[in-house]
Amino acid sequence: MQYTTLGKTGLVVSRLSFGAMTFGEGQLVPGVTNSIDQAMADQMIGRVIDAGINLFDTADAYTNGQSEIMLGKALANRRDEVIIATKSGFRSGNAITDAGSSYRHIMMAAEASLKRLNTDYIDLYQIHIPDPITPLEETLRALDDLVRQGKVRYIGYSNFPAWKAAKMVGIQKHYNYAQFIAAQMYYSLLGRDLEHEVVPFAEDTGIGVLVWSPLAGGFLSGKYTRENPTPEGARLNEFKLPPIDVEQGYDVVDAIKSIAQAHSASPAQIAIAWILTKPFISSVIVGANKMHQLEDNLKVVDLTLSASEIDRLDTLTAPPALYPGWMQALGWDAQVKAAFDPDSKN
């Protein structure tokens, strides 16, 4: 296993982390049912710890809190060895206040997560989604209070646009609040929007990027093909998240299958290995419904893509430049660099 520090902290995390979203028995989201019991959860956790993974991610909304409960039980005797990350923001109850990022809800949600995880502290507490009605100052004050109370060690966010995250970082600095160290975001060969604004912002501020859904909801596992676009029991048949360009997806799957064959690897391993080549990525969250899927994902740590293979995938999936990005591509950056480069002949 490879390791890095998360953001601009000294917190050492594994380049692969484990997502417990599949833990529990019952409905995860409409159309998707989880069926992992405690015995299987214990087996998976034991396996990934043996593989060197030390970062575990969950959320209060996953399978009505079952994910946190089961993860807490599975890690009960190894709490000091691991880093636990959880999130709040999605609906977690029936009351109108059982969602969002108000001071009230964050404090209550954190307490509830601590009980379900059976721990005295949460290593990384993240805001799951933007709250359109709560003032950012209120949300950040709640997160800071949790850190000052010792219930949370570090804080982060998930699924925020760069402009809003930047505004929040400014507020944190102004009030001397605890700073964000991590951004958990969707990123895959079929979803590289992150590169436009989020990545430059994260690099500039020293925020570490944690990747969710590196296989684009399972599409990059190779099970979806033009010949069989809706394989039996596949998650994307019912829950189409993240959204993808299916035609591009088939082309990408063909490419990663070709590369996978050269490495005696699976398409999923190639898709994850490509993400790990990106210097702005701290850790990739992998999860599984079955042990064989988990074993397959773990093998990616032994896989090294060649420069030509990386370039092939980069070129095939390059996101189109968005304004004002395409203005920069007209050459102004090169002209400025040349003007200030003493070795330039221009």
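Select strand β6 (residues 55–57) and strand β7, which pair in the parallel sense over 3 bridges. Two strands pair if DSSP finds at least two bridges between them. Strands here are DSSP runs of E with at least two residues, helices are runs of H or I with at least four residues, and both are numbered from the N terminus.

Two notes on the model apply throughout. Residues are numbered from 1 along each chain as its sequence is written, and side-chain values use heavy atoms, with hydrogens and water left out. This is a predicted model, in which local features need pLDDT of at least 70 and side-chain atom pairs count only at pLDDT 80 or more, while totals for chains, interfaces and linings use all residues.

**Stop 1: around β7**

Within the pair, pick D57, which stands opposite A85 in β7. A crossover is right-handed if, with the strands pointing away from the viewer, the path from the first strand over the helix to the second runs clockwise. The chain then crosses from β7 through helix α3 (residues 103–117) to β8, and this β-α-β crossover is right-handed too.

Next select strand β8 (residues 122–127), which pairs with β7 in the parallel sense over 4 bridges. In this pairing K87 stands opposite Q126 in β8.

Now colour β7 by burial. Buried means under 20% relative accessible area, exposed means over 50%, and partly exposed lies in between (1.4 Å probe, protein chains only). Strand β7 (residues 83–88) is largely enclosed by the rest of the structure, because 6 of its 6 residues are buried. One side carries I83, A85 and K87 and the other I84, T86 and S88, and both faces are covered.

**Stop 2: β3**

Go to strand β3 (residues 16–19). L16 and F18 point one way, S17 and G19 point the other way, and all are buried. β3 runs parallel to strand β12 (residues 281–286), with 3 bridges joining them; S17 stands opposite I285 in β12. β3 also pairs with β6 in the parallel sense, over 2 bridges, and here G19 stands opposite D57.

**Stop 3: helix α6**

Select helix α6 (residues 198–205). Its buried residues are V198, V199, F201, A202 and T205. They cover an arc of only 160 degrees around the axis, so they lie on the same side of α6. The arc is that of the directions from the helix axis to the C-beta atoms.

**Stop 4: a pocket and a cavity**

Both terms rest on a 1 Å grid over the protein atoms alone: a cavity is a set of points where a 1.4 Å probe fits but cannot get out, a pocket is an open set with protein on both sides within 12 Å along at least five of seven lines, and lining residues have an atom within 4 Å of a point. Grid points are joined across faces, edges and corners, and a volume is the space filled by probe spheres set on the points.

The second largest pocket holds about 290 Å³ of space. It is lined by 14 residues, of which N159, M185, Y186, D193 and L194 are the closest to its centre. The lining has 11 nonpolar, 2 polar and 1 charged residues. Ala, Val, Leu, Ile, Met, Phe, Trp, Tyr, Cys and Pro count as nonpolar, Asp, Glu, Lys and Arg as charged, and the others, Gly among them, as polar.

How many cavities of 30 Å³ or more are there? The count is 1. The largest cavity has about 40 Å³ of space. To show its lining, select S101, I127, D131, T134, L136, T139, F160 and M168.

One of these lining residues, T139, lies in helix α4 (residues 136–148). T139 counts as buried because its relative accessibility is 4%.

**Stop 5: backbone exceptions**

Most residues other than glycine have a negative phi, and most peptide bonds are trans.

- T63, in the loop between β6 and α2, has a positive phi of about 50 degrees although it is not a glycine. At 0% relative accessibility, T63 counts as buried.
- S264, in the loop between α7 (246–263) and α8 (267–276), has a positive phi near 55 degrees. At 72% relative accessibility, S264 counts as exposed.
- The peptide bond from Y323 to P324 is cis, with omega near 5 degrees. P324 is in the loop between α10 (307–317) and α11 (325–328).
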